[in-house]
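Please give a short briefing on this protein chain. Cover the overall fold, the surface, the annotated region and a few individual residues.

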Amino acid sequence: MAERNLYPLFLHVEDREVLVVGAGSVAEKKVDDLVAARARVRLVAPRATKRLRALAKEGVIAHHARVFTEDDLDGAWLAVSATGARGVAKRVFKEAERRRIFVLAVDDPKHGSAISSSVVRRDPFVVAISSSGQAPALTRLVRELVEQVLPEDHWVRAARELRARWRAEEAPMGSRFAELVRAFKARASK
């Protein structure tokens, strides 16, 4: 696969409709991430995992138990193609491109206009890691390494306190980073 020039971006999908085509275990992970981001998820697939059926029954997502049609993209801000069926992925991509809707095609970058990343969430941090779809297993390993080095809660609290003091004192931006490093070095040596 040729190298792609990607523009990294976090999407605000809260209260926006996202179409997910496919309802297997891979789609389940994408649905979980979308629900966590408070998207309105519409799932289209003849069959769904037990968990996805339960989410639909609870009203967390909408599930249409049938094959994908082009009209399913009506109102969608984003589409996720997670069927594993290249023919379906190609149809989703072709129609989404016509409508100017981004498509995340799981494990099929040829039929997608977006690539998902491996994400680490530790408030207030959200770190996304991508290998441009070329090495997903390595991306996961890097995510696990990042999880190990992200600061713990007490470091985040200390950084927030410093920021509040800097703002109150109108400390120059250029001096803040050095002070943060000194404060953390002092804490680490205790």
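The briefing below goes from the whole chain to single residues.

This is a predicted model, in which local features need pLDDT of at least 70, side-chain atom pairs count only at pLDDT 80 or more, and totals for chains, interfaces and linings use all residues. Residues are numbered from 1 along each chain as its sequence is written, and side-chain values use heavy atoms, with hydrogens and water left out. The protein chain has six helices and seven strands.

**Fold and dimensions**

- Helices (H or I, at least four residues) and strands (E, at least two) are DSSP runs, numbered from the N terminus.
- Read from the N terminus, the order of elements is β-α-β-α-β-β-α-β-β-β-α-α-α.
- The C-alpha trace spans about 60 × 40 × 30 Å along its principal axes.
- The radius of gyration of the protein chain is 21 Å, whereas a compact globule of 190 residues would have a value near 16 Å.
- That radius is taken over C-alpha atoms, and the globule rule is 2.2 Å times the number of residues to the power 0.38.
- Contact means heavy atoms within 4.5 Å.
- Among contacts in the protein chain with a separation of 6 or more, 47% join residues 24 or more positions apart.

**Burial, surface and charge**

- Buried means under 20% relative accessible area, exposed means over 50%, and partly exposed is in between (1.4 Å probe, protein chains only).
- Of the 190 residues, 32% count as buried.
- The protein chain exposes about 12,700 Å², and carbon and sulfur atoms supply 54% of that area.
- Accessible areas come from the Shrake-Rupley method with a 1.4 Å probe; for residues, only the protein chains shown count as cover.
- There are 35 positive and 25 negative side chains, and the centres of the two sets lie 1 Å apart.
- Lys and Arg count as positive and Asp and Glu as negative, while His and the chain ends are not counted.
- Each charge is placed at NZ of Lys, CZ of Arg, CG of Asp or CD of Glu.

**Annotated region**

- An unreviewed UniProt entry lists residues 127–148 as "domain: Siroheme synthase central".
- UniProt positions are given in the numbering used here, feature names are shortened, and annotations may be inferred rather than shown by experiment.
- Over residues 127–148 the chain is 59% helix and 14% strand, with the end C-alpha atoms 12 Å apart.

**Backbone exceptions**

- Most residues other than glycine have a negative phi, and most peptide bonds are trans.
- The peptide bond from aspartate 123 to proline 124 is cis, with omega near 10°.
- Proline 124 sits in the loop between β6 (118–122) and β7 (125–129).
- Aspartate 15 is not a glycine, yet has a positive phi of about 60°.
- Aspartate 15 belongs to the segment before β1 (17–21), and counts as exposed at 51% relative accessibility.
- Arginine 100, also a residue other than glycine, has a positive phi near 65°.
- Arginine 100 is in the loop between α3 (86–99) and β5 (102–105), and is exposed, with a relative accessible area of 79%.

- Leucine 104 is in strand β5, and counts as buried at 11% relative accessibility.
- Not counting residues up to four places away in sequence, leucine 104 touches Lys30, Ala79, Val80, Ser81, Ala114, Ile115 and Ser116.
- Phenylalanine 93 is eleven residues from leucine 104 along the chain, and their C-alpha atoms are separated by 8.8 Å.
- Serine 25 lies in helix α1 (residues 25–36), and counts as exposed at 58% relative accessibility.
- Serine 25 and arginine 51 are 26 residues apart in sequence and 9.2 Å apart in space, C-alpha to C-alpha.
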